[in-house]
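Please look through the sequence and the model shown here before reading on.

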Amino acid sequence: MYPPSRKDFISLTLSDPHGPSYNNGKHRRQSCWRKWKQLSRLQRSLVLFLLALLLIFGLLTYPSVTEQWRGWFDREDLLALNDRDVSDLPQGGKSILNGAAGKAPPPAAGPHVRPAVEPDAVAGAVGEPRGPNLPIFPKPPIKKKNFPNKRGPPSLQKDGNTSDTIRAAKQVQEVVRAEEEEEVREEEDKEKKIVSWRGAMIEADQATEPPPSANVGDAAAPSGPANPADAVPPEVPTGTADRLEAVRDAFRHAWKGYKDYAWGHDELKPISRSFGEWFGLGLTLIDSLDTMWILGLKEEFAEARDWVEKELSFDKNVDVNLFETTIRVLGGLLSTFHLTGDRLFLEKAKDLGSRLMPAFKTPSKIPFSDVNIGKGTAHPPRWTSDSTLAEVTSIQLEFRELSRLTQDPQYQEVVNEVMKLVHKLPGKQDGLVPMFINTNTGQFTHKGVFTLGARADSYYEYLLKQWIQGGKTEDDLLADYLQAVDGVKKHLVRQTGPSKLTFVGELSHSRFNPKMDHLVCFLPGTLALGAHNGLPEDHMDLAVQLMETCHQMYKQMETGLSPEIVHFNLQASDGNDVVVKPADRHNLLRPETVESLFYMYRFTKDTKYRDWGWEILQSFNNYTKVPGGGYTSINNVRDPLNPGPRDKMESFFLGETLKYFYLLFSDDPELLSLDKYVFNTEAHVLPIWPSAPK
């Protein structure tokens, strides 16, 4: 054995009291790991399971927590940007998001604008330009959300008339006035700030219309009004002249945004004050030409015509969609030619029509969806050889009219051939057609799915309108339309459980789906147009019922704007009739409901349709109007405090929606008489032929 070792040295530990201390952290980390390894497998599994539960719980509660802070952070970001950006504000813009629409100024006296083709068809006065007034953004009053038990089914909702609206506005005035007078005294000398609309930077610009009212939802302004009366919602204009001028004001505001930030481009992005390009053909400008003429906006029309003459060229290497280009550009040019008699627009239409013809060079004569108007080539989408049925059967009105004007039959021949092929195809169900057709075989694909929404809607519309356009002589078109309406009533029409609202659903392999696109709201107007032209009276009965449903799609939403898609409640209960899924809550400024309101008022003279339209226009102004110019589509029609701007103004808002508003509020039945004109699916007017086509 070895003897124990001797320690013949002394160990000293010296430390600097001001130096870094050594804490043996590595040793402790190793110790913790050893302790973890010493646990049994069951113990380690239990600990990991508890940690996983905590993580899942945290993820589930995260959205609700962040929602509470989102508005606060938006305001903090806004205040940080105000001082930097306020000097960049443009001049001449209008106000946004007024909670209750202000009274529009009376129209200025001026000459009436008449189309060259029909002397009595178009009238409108152009208002004098108003001087710039700095907009005032009053602090919005606190607004409680309407919960379902307060709104209830439509049968329990009373449609308030104009006097009710005025009385309610006056009650709000008394409550708001006292609060805002004090704010005015404190803040009237402060610099105007930028208003944040929940994440979208919206700037206070000089206004060319009265300032918005206090009910702006979440868009609070840092400064108060210079005059307390400005913060009080004025009485709602009820006269025809007031409503017509309100539509003109809306158009001017939208046009200002397009002119300032997207001139010559396809679409305006009003929030970012930029533009979007689709085909590079100035879609918004051309889509708006006939609207400006009808509204009597001669100055705006003149500058747009100048662009068409000097800048519009179709000789460019670009792929365009056959359907969209036909209804928006070709239809817009033809319509403007008929209203003005200006051959510039006809020449442009002829040039475009000839460049679209390569789309019809297919084995089946069913056109391709896309055309390169510079190269003269066409092709289907990259992902399929199918075309949608609505696209290939909703170009006929325009091509037929182009043949009539040019005396060149090729345009009418190719589109008539498409209708003949579809007329004979198997795969229909009581006149209802599938959504897709193959350009190689000429046969329906994806059979068994039937809808009056996207990809099929305007097929049914154009059956009736071609028959009317051609002098009611094409029997196959009429037969297909009547059979389709019977098929709709047999397979797709249902009623909701709570309030018995009539709606049009979808059929998928014999299974009914209570889903209805906002696009389907074209149907009441089309049914009414058919009844006006001698078709069965029960078509008008169905139109009245469906018009009420489309109205409820707006009325039952907290913003007063319809979602893109709704589902209906078929169960007999006290619940809501309309159910909206989160992915379907957006609104794209679509025209279909206003279009049908126009037809229904023209044929019935029931003023409730005008009142419904006025409510919708008010809601567009409240939740989609952007200062500086333009209107934006929104993400959530169920949240008036955070509607969520999408930063896009579709060309059809000016081409269709505002045009139908103006026609709805006009007292002149000869303003685009429905016995003389037919509207294409983009609201461009084409004359009804005096005789049968040759």
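## Helix packing

Helix α16 passes helix α17 in a left-handed crossing, a term used if the near helix is turned anticlockwise from the far one by less than a right angle, with right-handed kept for clockwise. The contact is made by Met540, Ala543, Val544, Met547, Cys550 and Tyr554 of α16, together with Thr593, Ser596, Leu597, Met600 and Phe603 of α17, where contact means heavy atoms within 4.5 Å. This is a predicted model, in which local features need pLDDT of at least 70 and side-chain atom pairs count only at pLDDT 80 or more, while totals for chains, interfaces and linings use all residues. Residues are numbered from 1 along each chain as its sequence is written, and side-chain values use heavy atoms, with hydrogens and water left out.

Helices (H or I, at least four residues) and strands (E, at least two) are DSSP runs, numbered from the N terminus. Helix α16 also passes α18 in a left-handed crossing, and there the contact is made by Val544, Met547, Glu548, His551 and Tyr554 of α16 and by Tyr609, Trp612, Glu615 and Ile616 of α18. The table sets out the two pairs; axes are lines fitted to C-alpha atoms, for helices over the stretch in contact, and angles run from 0 to 180 degrees between N-to-C directions.

| Helix pair | Axes come within | Crossing angle |
|---|---|---|
| α16 (residues 538-555) and α17 (residues 592-604) | 10 Å | roughly 135 degrees |
| α16 and α18 (residues 608-623) | 11 Å | roughly 25 degrees |

## Two open sheets

Strands of a sheet pair through backbone hydrogen bonds, either parallel or antiparallel. Three strands form an open sheet in the order β5-β6-β7, with antiparallel pairing; two strands pair if DSSP finds at least two bridges between them. At the edges stand β5 (319-321) and β7 (377-379), each with a single partner strand, so one side of each is left without a neighbour in the sheet. Neighbouring strands of this sheet are turned by 30 degrees against each other on average, direction ignored. Helix α8 (residues 322-340) packs on the sheet, touching β5 and β6, and its direction makes about 70 degrees with that of β5. Strand β6 (residues 370-372) pairs with β7 over three bridges in the antiparallel sense, and Val371 has Ala378 of β7 as its bridge partner.

Another open sheet has three strands in the order β16-β17-β18, again with antiparallel pairing. Its edge strands, β16 (515-517) and β18 (578-579), each pair on one side only. Strand β17 (residues 565-568) is joined to β18 over two bridges in the antiparallel sense, and Phe568 has Val578 of β18 as its bridge partner.

## One residue and the whole chain

Asp476 is found in helix α14 (residues 475-492), and it is partly exposed, with a relative accessible area of 47%. Although Asp476 and His423 are 53 residues apart in sequence, they are 7.6 Å apart in space, C-alpha to C-alpha.

The secondary structure of the chain comes to 19 helices and 20 strands. Of its 694 residues, 56% count as buried, which is to say under 20% relative accessible area, with exposed set at over 50% and partly exposed in between (1.4 Å probe, protein chains only).
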